[in-house]
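Please open the model in a viewer and keep the sequence panel at hand.

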Amino acid sequence: MRTAAKTVPRRAFMWPSARAVILGAAAILFVGICVLPTVYMFGVSFAGVDGSFSFYHYRQLLLDPRERDLLLNTALLGTGTAALATIIGAPLGLLLARADLPVKRFLRLALVVPLVIPPYILGLAWIYIGGSAGVLARVLGHDLLSHWTYSLTGAVITLSIGFYPLAMLATEAAARRVDAQLEEAGLMVTRPLRVLRRITLPLVAPSIASSALVIFVLALSEFGVPGLLRVPVFTTEVFTAFAALYDFGAATALAVPLLVVALIAGVAVKLLVGKRMITTRRSTHSGLALPLGGWRALTIGSVVVVLFLSVGLPLTVLAIEAGRVERIVFAIRTSSEAIANSIFLATIGATLIVALAVLLGYGQARARTRLRGLVDLVFIVVFAVPSTVVGIGLINLWNRPGLPGEVYKSTAIIVIAYLARFVPVGALILAASVRQMPVSSEESAEVAGAGWLRSFARIVLPQIPNGLAAAWVVAFILAFGELGATVLVTPPGESTLPVRIYTMIANTPSSEVAALALMQVGVIIIPLALLGVLARGTRLKW
Amino acid sequence: MGSCHQTDSIKSTSHIIDCLKRFAFALSIALILTSCSGTQRSFQTGDSPKEVTIYVSTDRVFSEPILRAYEQKTGVKLNAVYDTEETKSTGLANRLLAEKNNPQADVFWSNEPVRTLVLKKRGVLIPYQSAMAAGIPAVFKDPENYWTGFSARIRVIVYNTKLVKPEEAPKSVFDLADPKWRDQAALADPRFGTTSFHVAALYAELGDDRADEFFHRLKANGVKIVSANSVVLDAVARGEVKLGITDTDDVNVALAANKPVAMVLPDREGMGAPVMPNMLSLIAGAPHSEAGKKLIDYLLSPEVERMLALSEAVQIPLRPSVEGPKNIPPLSSFKPMTLDYGKAADRVEDVTRRLQSILGL
Amino acid sequence: MDKAFLRLIEVTKRYGERVIVDRVSLDVAGGEFVALLGPSGCGKTTTLRLIAGLETPDSGEIWIGDKQVAAEGRNLVAPNARGIGFVFQDLALWPHLTVAGSLDFVLACAKVPKRERTKRITEVLRLVRIERFAGSHPGQLSGGEQQRAALARALIGGPRLLLLDEPMSSLDADLKTDLLMELAGLQRSLGVTALYVTHDQAEARALTQRIVSMREGRIEQAGFAGEPVNEFVTHSEHEKTEII
């Protein structure tokens with residue numbers, strides 16, 4: 001790949017090619033939408049008490065003895081969640097890609113459900129289960145788990161349940177991309193299970209590591225669960241600086257350690273797998289099929305256990321908590337406008353995210369090696385910026401007279417908030433997809449006389465339908481559930497579902513909260529299930 | 001087989017491209033429409049009485065019907081942004097601060113005093129003396145007219161009636177530090193929401209040393225700090241703890257749902273129960289300030305106090321003339337904590353930092 | 001006995017409606033080097049994959065040695081138990097393993113003790129003349145070296161049957177000729193039975209003892225290629241005994 005990249009003619013020096021113009025525009029959009037709000041906030045953080053340039057907030061940060069504990073908690077929460085979610089998700093992904101499981105399509109959809117439950121709601125469900133007056137305590141007669149529920153361990157487990165589907169989807173997609181011949185070469189010498197372990201697994205390891213990194217950053221920037229389970233981390237600290245002290249500068253300064261942790265994790269993953277990035281070929285046949293044989297019962301049993309713990313139990317507890325069906329029906333009826341809004345905005349948001357991210361991901365994957373690593377790290381760090389920092393930054397950037405102000409007053413600002421937060425994750429997913437694709441197929445299109453645009457639309461995109469679909473679905477889910485930035489920029493009179501739910505639940509009893517949570521889960525699963533059916537119709541395998 | 005597969009992927013891609021095209025179309029339409037409506041809006045910003053924007057932190061379930069009623073009554077288009085100052089969002093105060101240089105809101109309706117007073121201090125508000133405020137006692141009005149209070153909630157002790165007999169229930173917030181309630185009391189995070197007001201009020205009332213000492217004892221007694229007042233109530237109703245401190249509206253909602261809870265107005269005899277009025281303020285540089293003033297006038301009317309009293313929020317009218325909710329004693333029947341709201345609010349940041357270290361938050 | 005070492009009896013494979021391999025019968029004698037020649041899409045690769053056990057025949061029988069490996073629409077013996085070395089069209093070198101590492105993996109799978117493995121790896125690498133690249137990853141090898149690495153992997157287990165699926169299709173002519181000569185010599189010196197799939201008549205003619213032509217899933221004609229050009233036979237008998 002590297003050698004091939006050198007053979008690309010240096011056209012760009014003679015005139016700006018379509019490629020340079022379009023990728024450049026994408027980069028400018030990325031900086032304008034995703035990076036500037038944060039940069040603006042950092043500007044604020046360097047303003048001292050009297051408004052002049054100062055390191056005041058950062059000095060305060062270094063002097064605060066609490067920082068060490070926060071740093072430790074944050075790092076443990078991130079690594080713990082990334083590890084546990086990967087341990088649960090990666091084997092499931094391999095099974096979905098390779099094993100002869102029954103009702104696979106249903107299993108995949110069911111196993112993705114925890115991802116669409118907002119982590120906060122998942123945390124709530126686990127308190128209903130493991131809290132000192134939860135289901136478990138009632139069944140067992142005494143309180144076993146509450147101490148453990150309200151702890152770092154509890155937060156790690158809750159977040160792992162919420163995020164393991166990402167590891168699962170990433171692993172499955174990667175396993176499906178593995179060149180079938182590599183596995184068949186293995187089948188010539190050993191049994192399928194060993195091929196899976198020694199050939200397939202190492203080949204998908206870079207993808208697994210990337211998804212672990214995404215999970216790490218998600219866990220790092222998650223506020224709801226640590227807030228609920230009382231685990232002090234940087235996100236809760238940033239939140240406190242905003243919500244209790246109204247100190248934008250201090251809040252942004254507090255986000256810095258968070259970004260540094262994300263950066264370190266990013267570098268670590270790069271060093272670990274950087275050299276093992278592998279181009280695989282899409283093969284004409286499906287490769288290794290893993291017959292479960294005698295392990296069938298045990299495997300299906302384990303999948304059912306995961307399904308029960310991550311989907312069945314939380315949803316059942318929420319349903320019991322919600323009590324009556326009418327409540328949920330009522331919740332849906334009164335929220336129909338917000339539901340329509342959310343679906344519309346998340347659809348547009350996810351589509352624009354994918355449109356921008358595919359260009360960025362492509363640019364990143366095809367950039368020179370050193371630049372490539374740097375761009376990846378930029379994506380990771382931008383992704384880790386706490387939502388509130390993004391939200392306040394967006395207000396400051398867009399709420400001004402003229403065209404930006406008009407955008408700010410319209411629902412377009414919500415779409416921009418989605419873009420600001422989730423373009424990096426889309427770009428990470430799509431860069432991985434493009435990297436799997438040999439440069440030669442583009443070069444052959446170029447040789448055949450296709451312009452870059454045509455080659456991109458007809459050669460590159462058709463080779464990464466799985467990546468595009470995965471990025472779109474992840475972007476849709478994240479955008480649909482976005483609250484932190486949306487709640488700050490939603491124009492007067494408008495509302496998205498999470499904003500509405502959240503503004504409704506503040507002082508309502510848990511039964512209502514549970515009903516609303518169930519509704520949100522339902523509302524987000526239905527379009528995804530429809531999409532799944534649609535994808536089946538067009539035989540788009542993901 | 002190879003060719004077969006290729007057709008598949010071509011099909012799926014053309015489908016994706018198709019979808020992309022459709023979305024691009026839909027989006028451009030949407031952008032054109034929003035920009036049109038945007039320009040319309042900007043043409044109307046010349047203080048049109050037909051439109052008004054309010055940011056509301058009083059629970060949406062209670063505030064929305066009142067605002068809708070205003071819309072129907074006057075025909076003014078009312079745009080609202082709802083939020084609560086609970087521990088799940090950074091709230092409207094941050095938004096108002098961020099929008100300070102190009103305000104979008106006309107009116108801020110806060111459900112408690114602290115945020116309003118922060119905004120006053122940061123120059124987000126502008127004085128407005130409403131003619132409708134006449135019947136409201138002076139203690140609930142800013143001498144400088146930056147804010148006007150109306151319907152109030154009270155901080156109360158809530159207990160589980162299955163676990164605690166009425167005669168055993170504590171009469172004062174200080175009882176929560178009694179070893180009798182060791183590990184059995186809950187309090188919402190005192191850095192946020194109404195609890196932050198409550199603790200600031202305690203510091204203002206007791207002085208730093210006595211207040212610090214009380215919270216040290218509370219901590220030693222194993223008080224559970226939870227994320228929100230509604231969570232306090234939930235924990236009490238479930239029996240996770242026997243009692244806690246929360247707001248009247250939370251308790252009422254639980255009572256309506258037949259949860260086994262009851263409330264005590266704390267310190268009726270001593271320092272008094274902390275009363276938290278809603279507050280209305282006009283935003284400095286509001287795009288529709290005349291319409292905003294009219295909305296404030298409406299919201300300060302006895303009619304609104306009555307509606308809030310009759311709602312599930314059981315807000316206590318500040319006007320003695322308006323009939324209060326059934327299960328909450330009227331203001332005249334107990335001793336309210338004598339408070340200078342401005343002074344109490346001034347303490348919030350400092351108290352937040354103190355409690356962060358005392359309670360290990 | 002002149003009994004065939006590899007025997008296909010009326011083997012048929014369909015994908016949906018399309019018949020890819022149509023009642024193919026073929027006998028290959030022990031130690032014989034046979035080319036399966038035909039245009040692309042004629043079913044020759046599928047035939048090879050059926051023999052390897054990577055595809056399941058819809059009907060017909062496949063025998064290797066005196067063992068029936070496939071019959072009545074199912075595989076009786078797993079691919080790794082058939083004693084086959086397979087060189088894939090795209091070589092399919094495992095990118096995460098070094099040349100020696102992948103050979104070691106093959107031997108470990110065959111439960112060869114650690115000490116013996118090292119010895120055999122050195123031998124086979126010398127045989128295909130890439131000892132220097134034992135520690136290299138496939139990405140660091142040239143086309144010809146990759147070819148040799150793939151061949152080494154197919155040979156290291158001591159297969160009784162070597163299946164080659166157009167392994168030289170992407171090489172330039174000179175390199176191809178060299179490698180072909182070497183391969184022919186190796187095959188002869190090792191005495192392994194080999195089936196070589198190609199669409200290149202010259203290649204087939206130069207290399208093998210017999211050419212079997214396929215068209216549209218059927219065997220068209222089986223004949224002898226005449227003596228292969230074998231001045232490049234380079235390896236002695238004792239190497240053969242050690243490898244096998």
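Predicted model: local features only at pLDDT ≥ 70, side-chain atom pairs only at ≥ 80, totals over all residues.

Is the crossing in which H9(A) passes H11(A) left-handed or right-handed? The crossing is right-handed.

**Stop 1: two helices of chain A**

Select residues 152-177 of chain A for helix H9 and residues 192-221 of chain A for helix H11. Two packed helices are described by the angle between their axes and the distance between the axes. Here the axes come within 9 Å and cross at roughly 150 degrees. Because angles over 145 degrees count as roughly antiparallel, H9(A) is roughly antiparallel to H11(A).

Now display the side chains at the contact. On H9(A) the contact residues include A:Leu159, A:Phe163, A:Leu166 and A:Ala170. On H11(A) they include A:Val204, A:Ile208, A:Ile215 and A:Leu218, and A:Ser207, A:Ser210 and A:Ser211 are also among them. By class, the contact of H9(A) with H11(A) comprises 14 nonpolar and 5 polar residues, with no charged residues.

**Stop 2: the two domains of chain A**

Colour chain A by domain: domain 1 covers 17-63 + 323-542, and domain 2 covers 67-320. The centres of these two domains of chain A, taken over C-alpha atoms, are separated by 20 Å. Across the boundary, 45 residues of domain 1 of chain A are in contact with 49 residues of domain 2 of chain A.

Which helix supplies the largest share of the side of domain 1 of chain A that touches domain 2 of chain A? Select H27(A), from which 10 residues of that side come. Helices H2 (18-45), H18 (369-384) and H24 (465-481) of chain A are among those that each supply at least two residues of this side. The residues of this side of domain 1 of chain A divide into 31 nonpolar, 12 polar and 2 charged.

**Stop 3**

Select both: H19(A) and H21(A) pack with their axes 10 Å apart, at an angle of about 130 degrees. The two helices are therefore oblique to each other, and their crossing is right-handed.

The contact residues of H19(A) are A:Ser387, A:Val390, A:Gly391, A:Leu394 and A:Trp398. Those of H21(A) are A:Ile413, A:Ile416, A:Ala417, A:Ala420 and A:Arg421. By class, this contact of H19(A) with H21(A) has 7 nonpolar, 2 polar and 1 charged residues.

**Stop 4: the domains of chain B**

Move to chain B and colour domain 1 (51-152 + 276-327) and domain 2 (153-274 + 351-358) separately. Their C-alpha centres lie 26 Å apart. In contact are 14 residues of domain 1 of chain B and 19 residues of domain 2 of chain B. The side of domain 1 of chain B that touches domain 2 of chain B divides into 7 nonpolar, 3 polar and 4 charged residues.

**Stop 5: the domains of chain C**

In chain C, select 1-83 + 159-235 for domain 1 and 94-158 for domain 2. The distance between the two centres in chain C, over C-alpha atoms, is 23 Å. Here 10 residues of domain 1 of chain C are in contact with 10 residues of domain 2 of chain C. The side of domain 1 of chain C that touches domain 2 of chain C has 7 nonpolar, 3 polar and no charged residues.

**Stop 6: the sheet of chain C**

In which order do the strands of the open sheet of 5 strands in chain C stand? The order is S2-S1-S4-S5-S6, with antiparallel pairing. S2 and strand S6 (74-75) of chain C stand at the edges with a single partner strand each, so one side of each is left without a neighbour in the sheet.

Zoom in on strand S1 (residues 6-15) and strand S2 (residues 18-28) of chain C, which run antiparallel and are joined by 7 bridges. C:Arg14 stands opposite C:Val19 in S2(C), and C:Lys13 stands opposite C:Val21 in S2(C). The hairpin of S1(C) and S2(C) has 2 residues between the strands, and C:Gly16 takes a positive phi near 65 degrees there.

Finally, select helix H1 (residues 44-52) of chain C. H1 lies across S1, S2 and strand S4 (59-64) of chain C, and runs at about 65 degrees to S2(C).

Terms used:
Residues numbered from 1 in each chain as written. Chains lettered and ligands numbered in written order. Domains from an automatic or database assignment. Contact = placed C-beta atoms within 7 Å. Helix = DSSP H or I, 4+ residues; strand = E, 2+ residues; numbered from the N terminus. Nonpolar A, V, L, I, M, F, W, Y, C, P; charged D, E, K, R; others polar. Pairing = 2+ DSSP bridges. Axes fitted to C-alpha atoms, helices over the stretch in contact; angles between N-to-C directions. Parallel < 35°, antiparallel > 145°, perpendicular 65-115°, else oblique. Left-handed = near helix turned anticlockwise from the far one by under 90°.
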